[in-house]
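Hi,

Here is the structure I promised to pass on.

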Amino acid sequence: MAARARAVRGLVRTRASKRMENAGGGGRTSPPPPCPWMIVGLGNPGAHYARTRHNVGFLVLEALARKHGVPMGFDAGSNALIGKGTMHGVAVLLVQPQTYMNESGKAVRKLANYYKVRPEYMLAVYDDLDLDVAKLRLRGKGGHGGHNGMRSIIDCLGGRKDFPRLKIGIGRPRGSLPVHAHVLQPFLPEEQEEINVSIMESIGLVESLVTNGLEQTVSKMNPTKKKEKTNTPPRSPKVPDTPPMGDNQDVQVR
């Protein structure tokens, strides 16, 4: 049993490494941004909430901080844990609001104003009920989708929705379990390995976004497939392999 568990963990790490390589965050290929990238992980403060589904945004931020050696400390002015550092040569500000989920926007607004962060350089990382567990989706803009933390951010930014967001699937509750109880539960043991993979994949996506920008990250995660040459005449009407690129295009992993 122990050997099998080690083999499974090795397979998970290999899969995650390959997906992170595909994200392509190894070196900057776009001009340096005019302000730091602000990466905001959403969650609730306190040990009671630490490993719950609703705190998966916090988990990604903590993993990013560890990988890039960014120390996190409490900032009383914004009521948030923040960390200033660099990611592949790009200045970043990592943020974990300590306001509780429903008032996350207050911390985000104060920090965005103080560091003069433009919306297109602010990424929100958070859980999504409507995605299967461990699936990822990257978007350039959009609404709050019923997520109270995102609702708070949009409200505190004066209704602006034009900032990137990375969603991590936590799935819908099973049976008659209420949504509010579901999001405050930990992941099931059989889900934890996949969530660990998603956290590693999220690091790759964030690195690519910061160093290469949204469009290149989208194109690397959703490359155009080459058509195979066959003797079969083309179908009519012709359907393009990849939909046109735009701010609202999704990147979905797995």
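Let me start with A134, which is buried because its relative accessible area is 0% (buried means under 20%, exposed over 50% and partly exposed in between, using a 1.4 Å probe and protein chains only). A134 sits in the loop between β5 and β6 (136–139). Its phi is positive, about 80°, although A134 is not a glycine.

Before I go on, a word on where this comes from: it is a predicted model, in which local features need pLDDT of at least 70 and side-chain atom pairs count only at pLDDT 80 or more, while totals for chains, interfaces and linings use all residues. Residues are numbered from 1 along each chain as its sequence is written, and side-chain values use heavy atoms, with hydrogens and water left out.

N79 also has a positive phi without being a glycine, in its case near 55°. You'll find N79 in the loop between β2 (73–75) and β3 (80–87). With 30% relative accessibility, N79 counts as partly exposed.

Now the overall picture. The protein has seven helices and eight strands (these are DSSP runs, H or I of at least four residues for helices and E of at least two for strands, numbered from the N terminus). Of its 254 residues, 46% are buried. If you take contacts (heavy atoms within 4.5 Å) between residues at least 6 apart in sequence, 73% of them join residues at least 24 apart. The protein exposes about 13,300 Å², and carbon and sulfur atoms supply 53% of that (areas by the Shrake-Rupley method with a 1.4 Å probe; for residues, only the protein chains shown count as cover).

Next, helix α4 (residues 148–156), where G149, M150, S152, I153, I154 and C156 are buried. What covers them? Part of the cover comes from α3 (104–114), β5 (122–128) and β7 (165–169). Just after α4, G158 takes a positive phi of about 75°.

How do α3 and α4 pack? Their axes are 7 Å apart, at an angle of about 40° (axes are lines fitted to C-alpha atoms, for helices over the stretch in contact, with angles from 0 to 180 degrees between N-to-C directions). That makes α3 oblique to α4 (under 35 degrees is roughly parallel, over 145 roughly antiparallel, 65 to 115 roughly perpendicular, and the rest oblique). On the α3 side, S104, G105, K106, V108 and R109 make the contact, and on the α4 side G149, S152, I153 and C156 do. By class, this contact of α3 with α4 has three nonpolar, four polar and two charged residues (Ala, Val, Leu, Ile, Met, Phe, Trp, Tyr, Cys and Pro are nonpolar, Asp, Glu, Lys and Arg charged, and the others, Gly among them, polar).

The other helix pair to look at is α2 (residues 56–68) with α6, whose axes come within 9 Å and cross at roughly 65°. That makes α2 roughly perpendicular to α6. From α2, L59, V60, A63, L64, K67 and H68 meet I199, S202, I203, V206 and E207 of α6. The residues of this contact divide into seven nonpolar, two polar and two charged.

Last, N212, which lies in helix α6 (residues 189–212). N212 counts as buried, at 3% relative accessibility.

Cheers
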